[in-house]
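Subject: Structure handover and notes

Dear colleague,

I am passing on the structure that you will be working with, and I would ask you to keep it open while you read. My notes come after it.

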Amino acid sequence: GNDEKSNSSSNSSSSSAESNASASDHEKLEGKLSGDGSSTVAPIMEAIVEEYSAEQPKVQVSVGVSGTGGGFEKFINGETDFSDASRPIKDEEAAKLKEKGIDYTEMKIAYDGLSIVVNKENTWLKDATVKELKEIWIESGKDKKWSDINSKWPNEKIVYYSPGTESGTYDYFVNDILEGKDIVKSATLSEDDNVLVKGVESDKNAIGYFGFAYYIANKDKLSVVKVDGVEPTHDTIKSGEYTPLSRPLFVYVKNEAVKSNPVMYNFMKYAIDNAGDLAESVGYVRSPDEDYSEDLTKLEALK
Amino acid sequence: MNYLHEDRVKKRMASRLIKNKLLKSFFLGATLLSLVVLAILMYRMISQGHAYLNWDFLTNFSSRFPQNAGIKAALIGSLWLLAVVAPVSLLFGVGAAVYLEEYAKKSKLTTFIQMNISNLAGVPSIVFGLLGLTIFVRMLSLGKSVLAAGFTMSLLILPVIIVASQEAIRAVPKDLREASYGMGATKWQTIVKIVLPSAIPGILTGGILALSRAIGETAPLVVLGIPVIIHFLPEGLLSEFTALPMQIFDWAKRPQEEFQYVAAAGILVLMIVLVIMNSVAIIIRNKFSKRY
Amino acid sequence: MVNNPINNKFSQEDEQPNLKIVSNEAKKTVYQTQNLDLWYGDTHALKGIQLDINENEVTAIIGPSGCGKSTYLKTLNRMVELVPSVRTTGEILYRERNILDKEYAVEELRTKVGMVFQKPNPFPKSIYDNIAYGPRIHGIKNRRILDEIVEKSLRGAAIWDEVKDRLHENAYGLSGGQQQRICIARCLAIEPDVILMDEPTSALDPISTLKVEELVQELKKNYSIIIVTHNMQQAARISDKTAFFLNGEVIEYAATDKIFSNPSDKRTEDYVSGRFG
Amino acid sequence: MVNNPINNKFSQEDEQPNLKIVSNEAKKTVYQTQNLDLWYGDTHALKGIQLDINENEVTAIIGPSGCGKSTYLKTLNRMVELVPSVRTTGEILYRERNILDKEYAVEELRTKVGMVFQKPNPFPKSIYDNIAYGPRIHGIKNRRILDEIVEKSLRGAAIWDEVKDRLHENAYGLSGGQQQRICIARCLAIEPDVILMDEPTSALDPISTLKVEELVQELKKNYSIIIVTHNMQQAARISDKTAFFLNGEVIEYAATDKIFSNPSDKRTEDYVSGRFG
Amino acid sequence: MPKLLFITALVSVLATVGIVFTLIFETVEFFRRVPFIDYIFGTEWMPFSGTNPTYGILPLIVGTLKVTAIAMAVAVPLGLAAAIYLSEYASESVRKVIKPILEVLAGVPTIVYGFFALTFVTPLLQEIIPGLKIFNALSPGIVVGIMILPTIASLSEDAMSSVPKSMREGALALGSTKLEVALKIVVPAALSGILASAVLGISRAIGETMIVSLAGGATPKFDGQVTDSIQTMTAYIVQVSTGDAGYGTTIYYSIYAVGFTLFIFTLLMNLIAGFISKRFREEY
Ligand SMILES: Nc1ncnc2c1ncn2[C@@H]1O[C@H](COP(=O)(O)OP(=O)(O)OP(=O)(O)O)[C@@H](O)[C@H]1O
Ligand SMILES: Nc1ncnc2c1ncn2[C@@H]1O[C@H](COP(=O)(O)OP(=O)(O)OP(=O)(O)O)[C@@H](O)[C@H]1O
Ligand SMILES: [Mg+2]
Ligand SMILES: [Mg+2]
Ligand SMILES: O=P([O-])([O-])[O-]
């Protein structure tokens, strides 16, 4: 476990009963915080906020779910204290933050395995190479059939479902699998991951991808595709075996907020201490312990 | 000369009467269809959501566990929203209606204002979201607060309230105004003592219907970026908050299927709120409709 | 244009009907209308009206539909101004002051000149509040004084006994005839000098009509009354003088008896004998 | 209840006014009303009506406001059924068949019994389409036949010359009197047997009134006409027989001359001499 | 007092000014980056393409029009039929029951309809139409039609009820059946009101957001298919708002351009409605 760093308030349990018990040792804080950002990170953040508010009921934490980019937009505008992200910050965004004089710190809080899924009735695509995936998903200027990729596969049009083009998930996929090339035009792009689940679930010729957590929640409705022979599981993602589709999830913290707002420090500390367990509880994968201790060091430095 | 021979008329009479009967059934069917849709809709929501709809659902904040998820923040947030939208939109809506009906002279400006109102009524709600984001959230730095969302929603329903109030004011019989003027009352006295009291049922009915629209609107809130992960209740007009449709939208997007049912339960709560508001409107209307 | 505008106070007295009690002194005029023209937009509704109206008399205005009776009546308290397109020229002197003068505050005028309408139009309030409406808008708040005014006005309108036990019920619960008397009482409550009545009985049944007619006869002791009616028998029964309007003009104006028994103008004769209208 | 229902055809003929051309044979009846009672909800609007109406005559119905004139008229073509709360008992025989029988298709009845209303109510269509409306619903599509019907009906209503050059203009462009004659023409176009008229001239000016009255006199050659009027002079001028209604009862029914010169009932006398209403 | 009231009346004007003001700056910025001609005549909407983003609005407009057309095909005939029933046939007591229900139906939040379209109507339609995709134009079109049906029914009914009773009496007295009165007298006389209600319906269908976001999909297409995923103008704005248009990117500005286009559409509808009520007004 990650117990080395734990103090009285941040033991590995995510049960609210225990959190409440430990809360009594604590001085009650009051204050406000707001964050926004990735929908991928949202379930983890929701878990953190849920547990934290049981501990510190007078601290008001609000988190929007506008996607990684939307979160950064607000972060840049100075509207939020922290921003959830499913990809590292982009150079343009970093530049804008600099322009506005906002210093920030990146924290890794968990890992996500990006899962490729197909319909339950899909009997042909069980395992795919990265090259095949690229071939399937890249825009080639014409409609693609399964048989175009592999002549043994059905002679039917492929139906695509992908997260919204600006989401961190999409970015990651396009960067790592498509190497920056365009995704097929005919793909249905949706910010609502459930829509993707529904889409793939209802069409035999469909393929889609999204965060591991969504796959876990819909395991029985979809089939997952192995990538180069590796199936995404907690272990394969954490160990790095599932490449290249496992990726870290981030929270970007505004330095000024940690410095000037004791509540912010308290919240972030709580978040880092509990992120691993809470991430697993909602279907993600905990980061290696070094990551969390590094985060904590950074946080202490900001205080 | 006789064109309408008696037997000719008689002969056609039968087919005319049958046509009348047939189309009447079609018209009735079309009318009932909307009732059927409403019934199916309610049935679906109830059958999907009833299991989650209990006291805990109303008193819990949302949660990552579907069985613990509750609607407290959204329900109270929506009530806060209502507390801003109702006074603001009624004040400005009724004020504008009184001005247009009682004071405005027939001028180009008046025609322009009137045209503008009917145009505004047709502007999609999502565009109001863009307006609110730019003006209230950012320019006036109200943030994603109850006030910013309240102002946005007020503008959204303002045209509806103005038009309903204008109609209610217009429906006050001319008789009553004349009687009041005839006794030497000033215009303002007549408006306050005669016109508005008589128009109030109409204004309130229209107003409540408009407010229920404000309660159910999602798109502007999405554009404003109203947060959904929130475990506290608003403490003031500048607090951040979440609202029923936002919470439902969020649940509907969750990966676990159970959240679909939680969303349905949320929809039930929203619908109950709306039915209560509508019933109030109907009671007001029936209670006051036979006044003159 | 005006045919026989008999405004002469003395000649008129000679023609007073014998049955009515006629005071021997010359009546004072309350209204003098001089060269009044009125347009609704392009419609020329009143044409060169000349008409003097006496104090403490009942003056009837008769004529076929659309001849301008109501318009004239509403000009006397400037209610006609509620129609935006109205334009007037000429003068109407009320107690020697020109009311068409914009300086003349209409609120003041209308406090002195009460009006009763064709359809009873009580406010959707209690009987009490209906009567107290006028005094209240003129600033009377004292409950005792209001009580007194209400009682006096209702008595004046001969309806006190019928409603005294339900002053706080809605006036809409009353019959048409009672409502009309409430409207008259409401008008009395502002202690007017003149009362204008526009076909006040046309929506009433015969018995209510009779009551209102008696009331009018009673009221003329203290008020000057101008009444528009399409019922010629009614004009004959209750008025002292009658003006016959046609197409916006005063065709004949004289003592009521003369109008009905011996009109000067052929058109008056045609009308009162029912040949048209 | 009914006071003096003088239905006897022979006695009535004796009393026919001298000036009118009276056929010497006994007139046939078109309508026989027997013990008709009618309620609007709880309001007992018609009480035990007994009334026979003759062919090719003008029958006038007079009485004060609210006495049930319009109600009775509307019962004759069952238009009264449009009020949901209406209940009737008794019989109305039209050409020997009871029209109050639910078996009797109202559409058929109303094709035979035309109606003209108090306020002219042309359709918001061209003059031509107004007149052609009736024939068209009965399935006449042939343009030439329609043209013929339109012309004939407009001539019948004495308005052909005034409108023949603008048949395709909207009927609302016409004056009230013209509109009323259009409505009469519209009614003639379905070739009715009886024409019901409810105060058809009360919204018209004197000249239009005269025209319509002349038209009625003309029409009675081919149609049976029943006319409600509040203008007693009008009843006297144009009708052959007159029924006086009061509070939902027929007080007196007799030849028009008798009603106006020598009524049997005191109330009739009071009414026709203008003592109330 | 009149001055104060005048100010309240001005608020609505200010709102319009605010909308135009909000939209215009970002739209201008957008057209600095994307040629106006490409936007207005482009048949490809691919703003997210990393290599070659295109901003041709036509696919979004086509998506919007598909939904609108289907919605109108549902709402106009049914709404009109319901209006005729309520105004010409129904008794007072039936009307008293049905009108409030219609109002409830009109007041159902669009998110509920969206959920309903996705979880009920689409699966139902898929049973009937085999090739129907989970996201398509048909299902949201029908549901938008159901959503605006009460509005059309209620406004048309108002227009029909305000046709004077005397007109109906005139027709009935000539021996017309109720059907003939309704179709030949009342509907023509109320035509301007009916058409205005239809135009209002169109403008609501164009602006409808949540139903199409949830059930229409997110694939802008320039074709005539209704069984495939589409994207409407409003759904695009939602897509970007819930996603992450990086601040200052062309995509960020594009939502304002699309918003402005929507605004122009509603303005147009309003002018048409005004024209209709002038042109077809029957005087009675
Ligand atoms: N508000 C108005 N706008 C335009 N014209 C009007 C208005 N009111 C009345 N008129 C016209 O002025 C003329 C006189 O109308 P007024 O109401 O004075 O007639 P009246 O003699 O009272 O008739 P009635 O007996 O029907 O009440 C009529 O031609 C009428 O059409
Ligand atoms: N639709 C209705 N519902 C209820 N009562 C009605 C209705 N129509 C008429 N009455 C009542 O029936 C009685 C007779 O009315 P009707 O209209 O027949 O009178 P009328 O003699 O034609 O009067 P008028 O001369 O005013 O037209 C009146 O007491 C009236 O109040
Ligand atoms: Mg008048
Ligand atoms: Mg009548
Ligand atoms: O919401 P995202 O995590 O996909 O950016």
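The notes below go through the ligands, then the salt bridges, and then some points about the backbone and a helix.

Please keep in mind that this is a predicted model, in which local features need pLDDT of at least 70 and side-chain atom pairs count only at pLDDT 80 or more, while totals for chains, interfaces and linings use all residues. Residues are numbered from 1 along each chain as its sequence is written, chains are lettered from A and ligands numbered from 1 in the order in which they are written, and side-chain values use heavy atoms, with hydrogens and water left out.

**Ligand 5**

Ligand 5 sits between chains A and E, and ten residues surround it, the closest being S38(A), S39(A), T40(A), T68(A) and G168(A); a residue counts as near a molecule or strand if one of its heavy atoms lies within 4 Å of it. Sorted by class, this shell holds no nonpolar, nine polar and one charged residues, where Ala, Val, Leu, Ile, Met, Phe, Trp, Tyr, Cys and Pro count as nonpolar, Asp, Glu, Lys and Arg as charged, and the others, Gly among them, as polar.

Some polar contacts can be listed here, a polar contact being a pair of N or O atoms within 3.5 Å (within protein, one must be able to donate a hydrogen and the other to accept it, and residues adjacent in sequence count only if both atoms are side-chain atoms). An oxygen atom of ligand 5 is 2.3 Å from a side-chain N or O atom of S38(A), an oxygen atom of the ligand is 2.5 Å from a side-chain N or O atom of T68(A), and a polar side-chain atom of S86(A) lies 2.8 Å from an oxygen atom of ligand 5. On its own, ligand 5 has 200 Å² of accessible area, and the protein covers 99% of it; such areas come from the Shrake-Rupley method with a 1.4 Å probe, and for residues only the protein chains shown count as cover. The elements that give two or more residues to this shell are α3 (67-76) and α7 (168-176) of chain A, helices (H or I, at least four residues) and strands (E, at least two) being DSSP runs numbered from the N terminus.

**Ligand 2**

Around ligand 2 there are residues of chain D, including Y40(D), P64(D), G66(D), K69(D), T71(D) and E199(D), and by class the shell has five nonpolar, five polar and two charged residues. Its largest share, three residues, comes from helix α2 (residues 69-76) of chain D. Taken alone, ligand 2 exposes 630 Å², of which the protein buries 62%.

**Salt bridges**

Side chains of opposite charge can pair when their charged atoms come close. A salt bridge here is a side-chain nitrogen of Lys or Arg within 4 Å of a carboxyl oxygen of Asp or Glu, and a search of the whole structure finds 65 of them over all chains.

In chain C, D147(C) pairs with R143(C), with the closest N and O atoms 3.5 Å apart; both residues lie in helix α5 (residues 143-156), four residues apart, about one turn of the helix. In chain D, E81(D) bridges to R78(D) at 2.4 Å between the closest N and O atoms, and here E81(D) is partly exposed at 32% relative accessibility, whereas R78(D) is buried at 4% (buried means under 20% relative accessible area, exposed over 50%, partly exposed in between, with a 1.4 Å probe and protein chains only). R95(D) and D193(D) also meet in a salt bridge, at 2.7 Å from N to O, and this pair links distant parts of the chain, 98 residues apart. In chain E, a network of salt bridges links E92(E), R95(E), K99(E), E157(E) and D158(E).

**Backbone and helix**

A158(C) has a positive phi of about 55° although it is not a glycine, and N247(D), also not a glycine, has a phi near 50°. A158(C) is partly exposed, at 47%, and N247(D) is exposed, at 54%. Finally, in helix α7 (residues 176-188) of chain C, twelve of the 13 residues are buried.

With best wishes
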